[in-house]
Amino acid sequence: MKRIIDALLTVTSHLDLNEVLGEIVTAACHLTGARYAAIGVLDSIGQIDPFVSHGLDPDLVATLRHPEGRGVLAAIPPDGHLVLEDLTTHPDFGGFPEHHPIMHTFLGVPIHVAGEAYGRLYVAEKDGGFTEADTDSMHLLASAAAVAVQNSDLYTAVRTRERWLQAGHDITSALLQDPDPEDALALIASRIRQVADADAACIVLPGVGGDWVIEIVDGPETADLLGIVMPAEGRARSVLSSGAGLVVDSFSRTPSLRVPEFGRYGPALYAPLLADGNALGVIALLRRLGAPEFMQDELTIAESIAGQAALALKLAEARAAQDRATLLDERARIGRDLHDLAIQQLFATGLQLSKARESVTDSTVHQALTEALDGVDDSVRQIRAIVRSIRSDDEAAPILERLQRETSLARTGLGFAPSLVVTPSDPRDDVNELAALVGGDLADDIVAVVREGLANAARHARASSVHVQVDLSPRSVQIEVADDGVGIDPARTRASGLANLGSRARRHGGTFMFGPGETGGSLLHWDARLG
């Protein structure tokens, strides 16, 4: 009895699962006098994973593939035990693998944790066979093992929760310090992959035409995952529509894979990036083949952290957009003040000096006034150079880059990424060459039209997709912003932003229209002459 009590205390004194399983098989040999002992933990489909043994040479264990839970091992009753004088005579015995030691006597008992089948504990090879006392000892040990496993699971769950919560804190802090959306998404993928002990992390975001695409990846050998479009009936789309995450036991057991690249991975976890009830995307965590499955507790925590990260991401994007708008407004104000006040004042001063020079006859005074006028002209040129230099990078950037930036910033207000397509009216033309012709005030107006169209869709349309089409030709530019929202509200009376677009079009000899789309929603059309 002392040996039994000591064994039970030893087994239940550990919190690490690997240590617990190792102590169980060691205690089984000591209590029964068996040469060999093993424990097989059952996974979600009844296969053995992991498998821990005692008594076998470690080098031999490394060469053997552990049992799969069939044959004699599967014959152990769920309530009771199985005692055999010679397991090789059992009808379910399928033979030993090469180099496996020969075994005859056998005793196996089930292990239940929280009322569910957890695994099987068995011993083999005892001179004289196993007795009733050995059977009682094994049942006691199985009960102690259940307690130890539960303690280990609770300990692991607490440690896992601590790591996830710390990761969530780190993500939120970093997002609020550095609001760049792309860097923020990369940080989310990297940090969550590390804390989840995953081999790959993918973030699925809205793409063009209603597609959802893997836009962020993290982990070794994941470059081929970037850009994959998620299938309409796949798990990622299911998570987006339901707003609830899910766990995949192993892609290797999936009858048909809609994303073949996922076939090299085993367990997976999908968690939605939810903010204010809107799905901004999905984060998928993938583990290698044969790795432990994700637990339900991990999914619950992952959903919480993903929601927290999504909210922080949305706030970071909003702050970045606000900071950018503020900077643009301030630079524009400074430029206007310099142009409207300083330059105009210098012009007035120049006129006065010019009149004064015309009325004097003294050559010395005349020369001094001429030099003063030259100084005024130089000052005007310098101020104009300063005005150009303080224009933002956005205003100085090529038109295509500016349009891409506007659609990227619009994601915050819309809750999804709008699509942008810039094409030449004539397929034989080069779109980059045509874009290079667009500059100055026309470029500013084009950007303003796209910005107002996207903002209008965000404020009023309640749309799930917005498409921006820009057609360029050597003579004109045409812009269409179409959404699939609720259409134009008849009660809406204020349209100052849209009216402003009309004046911008007329300034360039173009037209502006805003009305219902052909298939629903609303359509903004704007065109202007080029040159």
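In the predicted model, Arg287 is placed over the face of Phe294, 3.8 Å from the ring centre; a charge is assigned to a ring if NZ of Lys or CZ of Arg is within 6 Å of the ring centre and within 35 degrees of the ring normal. A salt bridge denotes a side-chain nitrogen of Lys or Arg within 4 Å of a carboxyl oxygen of Asp or Glu. Helices (H or I, at least four residues) and strands (E, at least two) are DSSP runs, numbered from the N terminus. Arg287 is buried at a relative accessible area of 6%, and Glu298 is likewise buried at 10%, where buried means under 20% relative accessible area, exposed over 50% and partly exposed in between (1.4 Å probe, protein chains only).

Residues are numbered from 1 along each chain as its sequence is written. Because the model is predicted, local features need pLDDT of at least 70 and side-chain atom pairs count only at pLDDT 80 or more, while totals for chains, interfaces and linings use all residues, and side-chain values use heavy atoms, with hydrogens and water left out.

Across the whole structure, 11 salt bridges are found. One of them joins Arg504 to Asp445, at 2.3 Å from N to O. Since Arg504 lies in helix α14 (residues 496-507) and Asp445 in helix α13 (residues 440-461), the pair ties together parts that are 59 residues apart in sequence. Arg504 and Asp445 are both buried. Through shared partners, salt bridges unite Asp445, Arg504 and Arg507 in one network. A further salt bridge is formed by the side chains of Asp134 and Lys126, at 2.6 Å from N to O, and both of these residues are buried.

Asp527, in strand β15 (residues 522-529), presents another arrangement. Asp527 is buried but has no salt bridge, the nearest side chain of opposite charge being that of Arg529, 7.9 Å away; Lys and Arg count as positive and Asp and Glu as negative, whereas His and the chain ends are not counted. The side chain of Asp527 makes polar contacts with the side chains of Thr511, at 2.5 Å, and His525, at 3.1 Å. A polar contact is a pair of N or O atoms within 3.5 Å; within protein, one must be able to donate a hydrogen and the other to accept it, and residues adjacent in sequence count only if both atoms are side-chain atoms. With residues up to four places away in sequence excluded, Asp527 is in contact (heavy atoms within 4.5 Å) with Val477, Gln478, Ala505, Gly510 and Thr511.

The structure contains 2 aromatic pairs. The ring centres of Phe106 and Tyr122 are 6.0 Å apart with the planes at 25°, so this pair is stacked. Rings of Phe, Tyr and Trp (its six-membered ring) pair if their centres lie within 6.5 Å; planes under 30 degrees apart count as stacked, over 60 as edge-to-face and the rest as tilted. Phe106 lies in strand β4 (residues 106-113) and Tyr122 in strand β5 (residues 116-124), 16 residues apart. Phe106 is buried at a relative accessible area of 5%, as is Tyr122 at 6%. Phe251 and Phe262 form a tilted pair, 5.4 Å centre to centre with 35° between the planes.
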